[in-house]
Amino acid sequence: AGGNWENVSKSYGFYNIIWYFLFYAAIYVVTDRAAWAAAIVNLVFLALAAANYFVLQFRGKPVLPWELKAAKTAATVAGGYDLQWTQQLLTGVLAAAVFIVLAFRLCSSAHRRQLSATTGQAFRFRIFKDALLVLIGFGFVMIFYESGFQARRGIGTDQWDISGNYANQGFLLSSMSYLGLKNVQAPDGYSQKSVQRIRDSIDQSTASIYSEDGAAEYHHDHE
């Protein structure tokens, strides 16, 4: 949903993976459980992918980040339509389930080794790794939304071809790119005084045009 991986270039795929990792890292910092973080992130994005797939069926355009606020209304409206589960979507559900089971099995032994360490060692290690993850995540987000970063890497937010961007760039990368459109920054040199000066100059120009037209019309009527 939102782009098959065979259509997504390696560079776009790389940024999708980074965003997935950042969401995983955020949950991991909160829970301190790798398996739970993997399960939560996979379930959340599986739900988003399914919702995106059904929205594509319904209106032919993917879900934009700010539209998640209307999820309850959308679910009510979609309830009156016959939404078909495809083999690809069912395969995704099965793959997510297998991944979650493996995550719990593989991470349980690592967690037991962590518990076997002394309390002080475990606490210091957790503080270090959490701080490192937060620093990496914060740094990437700042760089990603820095002016010109996305344009230099060909990451598009074209409002006229949203479906094409999602298909070519992948769901998560496109969603995070469009999310940046909600935070519009003022252009260089912008201020209320500058706007007022422009407004005054337009008013003066308009008044001048009307006065010239009135004078011309007056002379024409009295010739």
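Modeller: Quick word before we start: contact here means heavy atoms within 4.5 Å. Also, this is a predicted model.

Colleague: Fine. Which residues in α8 do I162, N165, Y166 and Q169 in α7 meet?

Modeller: Take the two helices first: α7 covers residues 162-169 and α8 covers residues 171-179. The contact of α7 with α8 divides into 5 nonpolar residues, 4 polar and no charged. On the α8 side, the partners are F171, L173, S174, S175 and Y178.

Colleague: How do those two helices cross, and is α7 parallel or oblique to α8?

Modeller: The axes of α7 and α8 come within 7 Å and cross at roughly 130 degrees.

Colleague: Which helices do the buried residues of α7 pack against?

Modeller: The buried residues of α7 are I162, G164, N165, Y166 and Q169. Among them, I162, N165, Y166 and Q169 also meet residues in α8. Just after α7 comes G170, with a positive phi of about 95 degrees. As for the packing of the buried set, the partners are α1 and α8.

Colleague: On to α1, then. How far apart are its end C-alpha atoms?

Modeller: α1 runs over 10-31, which gives it 22 residues. At 1.5 Å a residue, α1 should span 32 Å, and the model agrees with that. The end C-alpha atoms of α1 are 31 Å apart.

Colleague: And how does α1 sit against α2, in terms of angle and handedness?

Modeller: Y20, F23, Y24, I27, Y28 and T31 in α1 meet A34, A37, A38, I40, V41 and F45 in α2. That contact divides into 11 nonpolar residues, 1 polar and no charged. The axes are 8 Å apart. The angle is about 135 degrees, and the crossing is right-handed.

Colleague: What lies in the loop between α1 and α2, and is D32 buried or exposed?

Modeller: D32 lies in that loop, between α1 (10-31) and α2 (34-59). Its phi is near 60 degrees, a positive value in a residue other than glycine. Buried means under 20% relative accessible area, and D32 has 7%, so D32 is buried.

Colleague: What about V93: buried, exposed or partly exposed?

Modeller: V93 lies in helix α4 (residues 87-116). Leaving aside neighbours within four places in sequence, V93 is in contact with L46 and W85. The C-alpha atoms of V93 and A50, 43 residues apart along the chain, are separated by 9.2 Å. The relative accessible area of V93 is 33%, so V93 is partly exposed.

Colleague: Last one: what is the relative accessible area of Q150?

Modeller: Q150 lies in helix α6 (residues 149-152). Not counting residues up to four places away in sequence, Q150 touches F144, Y145, I155, T157 and S177. Q150 is buried, and its relative accessible area is 13%.

Note on methods. Residues numbered from 1 in each chain as written. Predicted model: local features only at pLDDT ≥ 70, side-chain atom pairs only at ≥ 80, totals over all residues. Heavy atoms only, no water. Helix = DSSP H or I, 4+ residues; strand = E, 2+ residues; numbered from the N terminus. Buried < 20%, exposed > 50% of the residue type's maximum accessible area, 1.4 Å probe, protein only. Expected span 1.5 Å × (residues − 1). Axes fitted to C-alpha atoms, helices over the stretch in contact; angles between N-to-C directions. Nonpolar A, V, L, I, M, F, W, Y, C, P; charged D, E, K, R; others polar. Left-handed = near helix turned anticlockwise from the far one by under 90°.
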